[in-house]
Amino acid sequence: MTRLKSRFLVDLLLRRTEAAGGFATVLAKGDENSGIILVQCSDRGQPGPLLERRFGADGHYIWEAVGPSDPNDGESRANYQERRRKADPDLWLIELDIADAPQLVAEWAALT
């Protein structure tokens, strides 16, 4: 089965967010072909969950909430993101600022 490249998926997510009236940016660039994607969600500057695209045991990608349980704990969130980048320098870190960002990610994931 052919897998879509991470760069293509990131570009698609950025365009989809902007088309829906939100803001999206790449905070850290990962591997163009197969980097894991970590999405930092927020709504009008209020922090939401961190969502990570991971390879599931069934051979398909899954999205799950990761990191600190309190999205308002900015220090813990930043520390988690820094640890993930150090552990996996191929990781993409994307920021979305849009109403119901997790729903947008779920809709985008269904397309890929």
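The model is predicted, so local features need pLDDT of at least 70 and side-chain atom pairs count only at pLDDT 80 or more, while totals for chains, interfaces and linings use all residues. Residues are numbered from 1 along each chain as its sequence is written, and side-chain values use heavy atoms, with hydrogens and water left out.

Select the five strands, which form an open, mixed sheet in the order β1-β5-β2-β3-β4. Strands (E, at least two residues) and helices (H or I, at least four) are DSSP runs numbered from the N terminus; two strands pair if DSSP finds at least two bridges between them. At the edges lie β1 (23-28) and β4 (61-66), each pairing on one side only.

Next, select β2 (residues 37-43) and β5 (residues 92-97): these strands run parallel and are joined by six bridges. Within this pair, Q40 has E95 in β5 as its bridge partner.

Colour R77, Y80, Q81 and R84 of α2, which are buried (under 20% relative accessible area; exposed is over 50%, partly exposed in between, with a 1.4 Å probe and protein chains only). Seen down the axis of α2, the buried residues fall within an arc of 95 degrees, so they line one face of the helix; the arc is that of the directions from the helix axis to the C-beta atoms. These buried residues pack against β2, β3, β4 and β5. Finally, select E75, R83 and K86, which are exposed on the other side of α2.

Notes:
Contact = heavy atoms within 4.5 Å.
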